[in-house]
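Here are my notes on this model, point by point. Please read them with the structure open.

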Amino acid sequence: MSMNNVGRVTRIEGESKGFAASAAGAVAETFTGNRGLMLEEGLLFEIGGLERSGVDLPPVPVVPDRLGDLARVEPIGLPGLSEPETVRHYTRLSRQNYGIDLGIFPLGSCTMKHNPRLNEKMARLPGFSDIHPLQPQATVQGALELIDRLAHWLMTLTNMPAVAMSPKAGAHGELCGMLAIRAALEAKGDMRRVVLVPESAHGTNPATAAFCGFTVENIPADPRGRVDFAALKARLGPDVAAVMITNPNTCGLFEPDLKDICDAVHAAGGFVYCDGANFNAIVGRVRPGDLGVDAMHINLHKTFSTPHGGGGPGSGPVVFSAALAPFAPLPFVRKTATGFELVEEMQAQGSRDHDQSFGRMVAFHGQMGMFVRALSYIMSHGADGLRQVAEDAVLNANYILASLKDVYSAPFAETGPCMHEALFSDDFLEGTGLTTLDLAKAMIDEGFHPMTMYFPLVVHGAMLVEPTETESKRSLDQLIGAMRSLAERMVADPDAFRAGPHLAPRRRLDETGAARKPILGYRDAA
Ligand SMILES: *Cc1c(COP(=O)(O)O)cnc(C)c1O
């Protein structure tokens with residue numbers, strides 16, 4: 001193992017035999033740890049000093065100590081850096097980061113698409129960005145109108161009569177929808193407690209159902225990667241509260257039986273929750289309300305382009321059927337004769353259609369900045385443009401599927417085209433001792449963020465690629481070229497790929513160890 005002058009591993013034993021030596025030769029290790037203009041950067045604690053400060057503060061005046069024996073006796077332990085050191089630190093770290101503004105982000109199920117700069121410009125208009133949620137409603141009529149206009153678009157695109165705008169992410173929207181379903185059942189004195197979830201469901205679905213106090217039961221997938229309708233129908237009964245189903249599902253496939261599923265669930269007295277995170281594949285083409293869905297969240301940060309990843313804000317409005325609308329959460333915007341008002345209080349029973357609201361999801365009204373960005377995206381595309389978004393997303397995914405299925409194993413390619421994401425398995429690596437993980441690391445060396453790995457669980461060594469409509473043919477061809485080349489090289493010379501990435505700022509990390517036994521203080525690492 002070789003280390004640079006700050007003690008970071010630059011080369012692992014045996015690596016020189018592999019890819020790095022042939023590709024990067026003797027320059028793999030440098031005195032500084034820098035690789036060309038890609039600069040090595042230590043932790044703030046390593047480059048800063050506890051005794052230093054970036055600002056000159058006047059001496060602390062002597063004041064009587066009123067803390068008793070609670071006063072801190074040790075130094076506070078924060079590193080001091082000058083302004084240029086601080087700026088360089090974060091700029092260097094940002095250059096080691098990969099983002100959608102750098103290149104394709106083929107993460108399946110995540111829908112990482114370009115966020116048009118127009119969205120940002122609109123979200124920064126002072127009338128939207130400088131307002132406070134407790135301001136008198138008369139002074140924020142424009143913001144309320146924007147929420148109402150976006151709500152109208154969401155209801156129209158889904159053909160659902162009600163929408164709750166406040167949930168702050170997809171999973172939060174699921175919680176909202178399932179709480180409404182629970183409230184609707186309880187209002188009838190019905191204590192059904194089982195929620196059926198297909199095997200291929202996003203992990204948030206069973207988690208949400210369990211969090212709401214339901215018992216989760218799995219429904220198997222059929223050989224085409226769709227919900228096994230016969231198995232689902234056989235399980236329906238008076239104890240089934242709801243079915244949670246993702247459409248298009250997490251194998252990137254449309255659930256053709258969804259309408260029949262909804263009819264069967266309703267006939268058995270249950271509700272259908274549709275995970276609408278993949279709405280970007282069908283927006284403008286399919287209205288979930290027409291299929292009989294009772295509640296569905298829409299990830300504004302996926303379908304309608306608002307930025308996400310890196311912990312940025314999300315937004316997960318939920319549309320409701322007429323049966324669930326009365327149970328939707330507060331607050332919501334209502335148009336009155338004189339303007340817009342925010343309904344924040346429960347109304348007397350029977351006086352309004354939302355008199356059975358299950359309560360509130362959030363302190364205020366939702367993610368205003370995301371609303372502005374989503375409406376900006378919607379209005380700049382228009383109805384026909386949104387339809388083209390779905391068509392292009394599906395076309396791009398099918399281009400990838402068709403271009404790779406002869407070298408990658410594609411489990412459901414025989415059953416027809418995919419929707420917005422292409423699913424592959426690691427069967428083609430059989431006998432090499434290499435796995436999906438090795439392929440993902442090799443993609444980093446090629447300059448790509450890896451695709452989603454090992455999800456969905458129904459496929460062995462899954463690789464889920466979602467290009468979105470954002471990518472040009474040129475960009476797709478580059479990804480396809482790299483993935484074809486990797487598949488061929490990995491089969492021909494597996495040993496060169498066991499320890500990747502070789503060219504990234506860090507070598508292969510112990511990801512399991514990091515998750516199970518995180519070392520949270522940098523001094524503990526020594
Ligand atoms: C992204 C996603 C979610 C969760 O959405 P968050 O905003 O990350 O909470 C749920 N289901 C599916 C199918 C998704 O792709």
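1. E7 and strand E8 (residues 295-297) pair in the parallel sense, over 3 bridges. For a landmark, look at Tyr273: its bridge partner in E8 is Ala295. Keep in mind throughout that this is a predicted model.

2. Now step back to the whole sheet. In what order do the 7 strands of this open sheet run? The order is E3-E9-E8-E7-E6-E4-E5, and the pairing is mixed. Strand E3 (162-164) and strand E5 (215-219) stand at the edges. Each has a single partner strand, so one side of each is left without a neighbour in the sheet. From one strand to the next, the twist averages 25°.

3. Strand E4 (residues 194-198) is joined to E6 by 3 bridges, and the two run parallel. In that pairing, Leu196 has Val243 of E6 as its bridge partner. E6 is also joined to strand E7 (residues 271-275), here by 5 bridges, again running parallel. Ile245 has Cys274 of E7 as its bridge partner.

4. Next, follow the chain out of E6. It passes through helix H10 (residues 258-267) and on to E7. Which hand does this β-α-β crossover have? It is right-handed.

5. H10 has a buried side. Leu258, Ile261, Cys262, Ala264 and Val265 are buried in this helix. Why do they fall on the same side of H10? They cover an arc of only 165° around the axis, which puts them there. After H10 comes Gly269, with a positive phi near 85°.

6. Two further helices lie across the sheet strands. Helix H7 (residues 170-187) lies across E3, E4, E6, E7, E8 and strand E9 (318-320). H7 runs at about 175° to E7. Helix H8 (residues 204-211) lies across E4, E5, E6 and E7. The angle of H8 to E6 is about 155°.

7. There is another open sheet to check, with 3 strands. The order is E12-E14-E13, and the pairing is antiparallel. The edge strands are E12 (422-424) and E13 (452-453), each pairing on one side only. E13 is joined to strand E14 (residues 463-465) by 2 bridges, and these strands run antiparallel. Met453 stands opposite Met463 in E14.

8. Last, a loop residue. Ser109 sits in the loop between helix H3 (83-95) and helix H4 (117-123). Is Ser109 buried or exposed? Its relative accessibility is 7%, so Ser109 counts as buried; the cut-off for buried is under 20%. Which residues does Ser109 touch, not counting those up to four places away in sequence? They are His202, Thr250, Lys302, Glu421, Phe455, Leu464 and Glu466.

Notes. Residues are numbered from 1 along each chain as its sequence is written. This is a predicted model: local features need pLDDT of at least 70, side-chain atom pairs count only at pLDDT 80 or more; totals for chains, interfaces and linings use all residues. Side-chain values use heavy atoms; hydrogens and water are left out. Two strands pair if DSSP finds at least two bridges between them. Helices (H or I, at least four residues) and strands (E, at least two) are DSSP runs, numbered from the N terminus. A crossover is right-handed if, with the strands pointing away from the viewer, the path from the first strand over the helix to the second runs clockwise. Buried means under 20% relative accessible area, exposed over 50%, partly exposed in between (1.4 Å probe, protein chains only). The arc is that of the directions from the helix axis to the C-beta atoms. Axes are lines fitted to C-alpha atoms, for helices over the stretch in contact, and angles run from 0 to 180 degrees between N-to-C directions. Contact means heavy atoms within 4.5 Å.
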